[in-house]
Amino acid sequence: MIFKKFDPLKGKILQILDQEGNIVDKTLEPKIDGEKLLEIYRFMTLGRIADIKALQFQRQGRMLTYAPNRGQEAAQIGVMSALKKTDWLATAFREFNAMLYHGVSLYQAYLYWYGNEWGSHFDEGVNVLPINITIGAQINHAAGLAFASKYLKKDEVTTVFIGDGGTSEGEFHEGVNFAGVLDLPVIFVVQNNQWAISTARHKATKAETLAQKAIAYGIPGIQVDGNDILAIYVATSEAANRAREGKGPTLIEAVTYRLGPHTTSDDPTIYRSDEEVKIWEARDPMIRFKKYLIDKNLWDEEKEEALQKETTEYVLETFKKVEESGNSSLEDIFNYTYETLPPRLIEQYNEYKKYLEEEDK
Ligand SMILES: Cc1ncc(C[n+]2csc(CCOP(=O)(O)OP(=O)(O)O)c2C)c(N)n1
Ligand SMILES: [Mg+2]
């Protein structure tokens with residue numbers, strides 16, 4: 001129903017909770033119980049603190065390259081909180097919060113960015129595919145996974161995230177088209193964070209909205225305020241219902257903003273203005289959701305302080321464990337993609353082995 005009301009071509013964007021934390025349309029407010037609302041807020045806080053700390057660890061030389069997601073908490077947790085744990089998640093590399101909410105431990109998530117291969121090996125029963133750095137590839141993984149779920153008649157929905165820039169990749173077209181034509185149970189979530197490294201969103205495509213790309217594949221598309229967790233939750237719930245009823249895929253464009261750098265190797269001050277960042281800082285998804293919880297008498301400053309303290313301690317303790325785990329073995333880097341290593345990887349293996357032996361001397 002919501003997809004008919006918010007036509008992506010008419011520039012209508014779904015918002016339920018505005019920037020100040022006020023409900024703009026009471027009829028659309030989802031019925032989420034207090035306990036779950038608090039669980040969502042705890043995860044948002046964990047994601048926010050873990051993200052800020054990861055950047056600091058990297059600056060201290062204790063972590064490898066890291067891709068921050070500050071500002072995108074609602075776009076990720078809003079989606080995952082509307083799904084079941086038996087559903088599947090396919091990610092690019094900025095979905096730290098989505099992964100944590102869907103069952104990846106903070107220890108595992110950190111391990112990956114620490115450079116340890118075991119950070120890609122999630123616990124049994126955690127339905128999350130490994131991080132995908134190749135822009136767009138996860139779209140086809142998701143379509144394939146959803147094809148398998150449908151073929152095996154399993155009640156599973158696959159959700160896949162991609163960035164605004166990623167929607168210009170060939171793989172995006174192939175995967176969404178494939179899912180559309182076969183009515184696969186997939187939700188495509190485009191996190192439009194306005195930038196693809198230093199390429200502004202309007203320089204990557206002439207399309208007015210990214211949600212309207214859905215029209216070409218004959219599937220519903222909707223543009224949602226990605227910093228409004230209630231709106232994201234509502235759109236995802238409807239998309240998941242459609243998928244479970246066999247009605248096929250949906251595309252959700254979450255309009256959001258990457259408040260930090262692209263990665264720890266990037267300096268965003270070169271390509272975007274402080275004014276732009278300030279506008280989006282005021283749209284921070286955490287500020288409005290906290291206000292919503294306070295208005296509902298579920299939250300106060302005392303609870304906030306305790307949560308901040310407890311979460312920071314947990315994050316620091318977890319990272320200590322990651323550092324104690326050290327690096328994975330050389331074999332771990334090469335052993336899990338091919339049954340028999342192709343010649344070029346044998347060459348790389350030998351080269352790296354030699355490098356490590358020389359370093360040890
Ligand atoms: C196939 C491919 N081409 C180029 C890159 C280099 N690259 C890494 S991130 C990125 C930009 C991605 O932008 P977007 O899809 O908007 O996602 P965001 O980083 O904003 O989350 C590029 C071009 C890559 N990883 N894979
Ligand atoms: Mg982007």
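Ligand 1 takes up the space of the second largest pocket, a pocket being an open set of points on a 1 Å grid over the protein atoms alone, with protein on both sides within 12 Å along at least five of seven lines. The model is predicted, and local features need pLDDT of at least 70, with side-chain atom pairs counted only at pLDDT 80 or more. Residues are numbered from 1 along each chain as its sequence is written, and hydrogens and water are left out.

Around ligand 1 there are 14 residues (a heavy atom within 4 Å). Arg94, Ile133, Gly165, Gly166 and Trp195 are the closest. The shell comprises 6 nonpolar, 6 polar and 2 charged residues, with Gly counted as polar.

Now the polar contacts, meaning N or O pairs within 3.5 Å. A polar backbone atom of glycine 166 is 2.8 Å from a ligand 1 oxygen. A polar side-chain atom of aspartate 164 lies 3.1 Å from a ligand 1 oxygen.

On to the metal. The magnesium ion, ligand 2, is coordinated by Asp164 (OD), Asn193 (OD1) and Trp195 (O) at 2.1 to 2.2 Å; donors are N, O and S atoms within 2.8 Å. Aspartate 164 is in the loop between β3 and α7, and asparagine 193 in the loop between β4 and β5, so the pair ties together parts 29 residues apart in sequence.

How values were computed:
Chains are lettered from A and ligands numbered from 1 in the order in which they are written. A polar contact is a pair of N or O atoms within 3.5 Å; within protein, one must be able to donate a hydrogen and the other to accept it, and residues adjacent in sequence count only if both atoms are side-chain atoms. On a 1 Å grid over the protein atoms alone, a cavity is a set of points where a 1.4 Å probe fits but cannot get out, and a pocket is an open set with protein on both sides within 12 Å along at least five of seven lines; lining residues have an atom within 4 Å of a point. A molecule sits in a cavity or pocket if more than half of its atoms lie within 2 Å of its grid points. Donors are N, O and S atoms within 2.8 Å of the metal (3.2 Å for Na, K and Ca); water is not among the atoms, so sites may look incomplete. Helices (H or I, at least four residues) and strands (E, at least two) are DSSP runs, numbered from the N terminus.
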